[in-house]
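Here are my notes on this one, in numbered points. Have the coordinates open while you read.

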Amino acid sequence: MGEYILQSIVQSAIVLLAVGALLRIWRIRQAETRFIFHSLPLLLPLAYLPVFWLAYPVRASQYFRGNLALLDLRLWGSLLPWESTTIQYAAIILLAATLALYLLQVGFLLASRLRHPKAHEPEGAAQEKLASVFSGLPLFSSNPVRLLVADSQQPVLYAFGLRRQGIVISSWMVNALDDQELAGVLTHELVHLARRDNWMNVAVFALRTVTFYNPVGLISFHGLVNEIEHSCDAESVRHTGKPGAYASALLKIYRRTEQAGKGAGLRTWRNWIFSGTETLEQESEAKAIQRRLRLVLDPVPYDQRTSYPWLCLATSTIVLLGLMFFIV
Ligand SMILES: [Zn+2]
């Protein structure tokens, strides 16, 4: 078991590096394909679990290790200047640290849910403003979800519900954003709901949970969540046709979160760990918001992206699976 865990962590790390390079080399900009690429570092080692047992006699043989394997982890382990018990202790400490990081992530997710301010039906001026914005959104007329307002002077905006869907927006956002900016961010949430991204988030988190022992999972999780957000941004801007208004809303939200924050460093670190929930409000990390604004305002032209993303994906998967077979 320990050997499988070690193998899958090394395999994940190699696949992660390869995926980063392949996405750049092949200029894959299609969000759906990028999303699957980012899941490979976690999915492929998992897919290897049955192979690990079935092909065990072949791959574990001394002959395979000595003559065919590209990387023999046992050999590398024996080259370390420590006793095998020291290595075992180090592995246990590493595993405990990884588990702690995973539990921290779950804790942050639960805490952010509990910290949500109470939401109620919109009243007065807010109701009028939201009703007029919503009446201009075609996505809303095809899927009239519930809209609730939370009394908060901070940016809060998220879509909820796997079956009975709705959107919660804070009173600060209703006041601070103009009609076009509101239309932009509400369309973003409506796209999430229409695409059932909540289910996708559950699936991504399930994958992270199954591979909790793998520190690479934290990086992949981040990539997966970012891809969902970027593709949702692109789709919502296609609906509204107003990238400028959407970008201006993102900037307002970012500035407000920056003002409210106490320790920027800590917040960045925290966001990094638990981004993936209510991402519009949590994206206060400067780099992430910069990338998002660039993608919204300056999307990659069609002639600069690969025409065969699925072919690239299939080829990469086969090559990576082959590579992993020779890491024992
Ligand atoms: Zn979002």
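1. His120 has Val149 in E2 as its bridge partner. That contact belongs to the pairing of E1 with E2, which is antiparallel and runs over 2 bridges. Strands here are DSSP E runs of at least two residues, helices are H or I runs of at least four, and both are numbered from the N terminus; two strands pair if DSSP finds at least two bridges between them.

2. Before going further, the ground rules. This is a predicted model, with local features requiring pLDDT of at least 70 and side-chain atom pairs counted only at pLDDT 80 or more, while totals for chains, interfaces and linings use all residues. Residue numbers start from 1 along each chain as its sequence is written.

3. The sheet is open, has 4 strands in the order E1-E2-E4-E3, and its pairing is mixed. Strand E1 (119-120) and E3 sit at the edges with a single partner strand each, so one side of each has no neighbour in the sheet.

4. E3 and E4 are antiparallel and joined by 4 bridges. They make a hairpin with 5 residues between them, and Gly161 in the turn has a positive phi of about 90°. Across the pair, Leu157 stands opposite Ile169 in E4.

5. What does Ile169 touch beyond its neighbours within four places in sequence? Its contacts there are Val149, Val156, Leu157 and Val174, a contact being two C-beta atoms, placed from the backbone, within 7 Å. Over the protein chain, 75% of the contacts with a separation of 6 or more are between residues 24 or more positions apart.

6. Ile169 is also one of the residues that touch the most other members of the largest nonpolar core, together with Val168, Leu186 and Ala249; this core has 35 residues. The elements giving it two or more residues are strand E2 (146-150), strand E3 (157-160), strand E4 (166-170), helix H10 (179-194), helix H12 (216-240) and helix H13 (243-260). H13 gives the most, with 7 residues. By a nonpolar core I mean buried Ala, Val, Leu, Ile, Met, Phe, Trp, Tyr and Cys residues joined through C-beta atoms within 7 Å. Buried means 20 or more other C-beta atoms within 10 Å of a residue's own, exposed means 12 or fewer, and partly exposed is in between, with C-beta atoms placed from the backbone.

7. Apart from that core lies another, of 11 residues, including Val19, Ile36, Cys312 and Leu313. For the protein chain as a whole, buried residues make up 30% of the 328 residues, and there are 17 helices and 4 strands.

8. Helix H17 (residues 309-325) is worth a look. Its 17 residues reach 24 Å from first C-alpha to last, close to the 24 Å expected at 1.5 Å a residue; the expected span is 1.5 Å times one less than the number of residues. Its buried residues are Pro309, Cys312, Leu313, Ser316 and Met324. Seen down the axis, they fall within an arc of 95°, so they line one face of H17; the arc is that of the directions from the helix axis to the C-beta atoms. Turned away from that buried side are the exposed Leu311, Ala314, Ile318, Val319 and Gly322.

9. Two backbone angles to check. Arg27, in the loop between helix H1 (2-25) and helix H2 (31-54), has a positive phi of about 50° although it is not a glycine. Arg196, in the loop between H10 and helix H11 (197-210), has a positive phi near 60° and is likewise not a glycine. Arg27 counts as exposed because it has 12 C-beta neighbours inside 10 Å, and Arg196 counts as exposed with 12 C-beta neighbours inside 10 Å.
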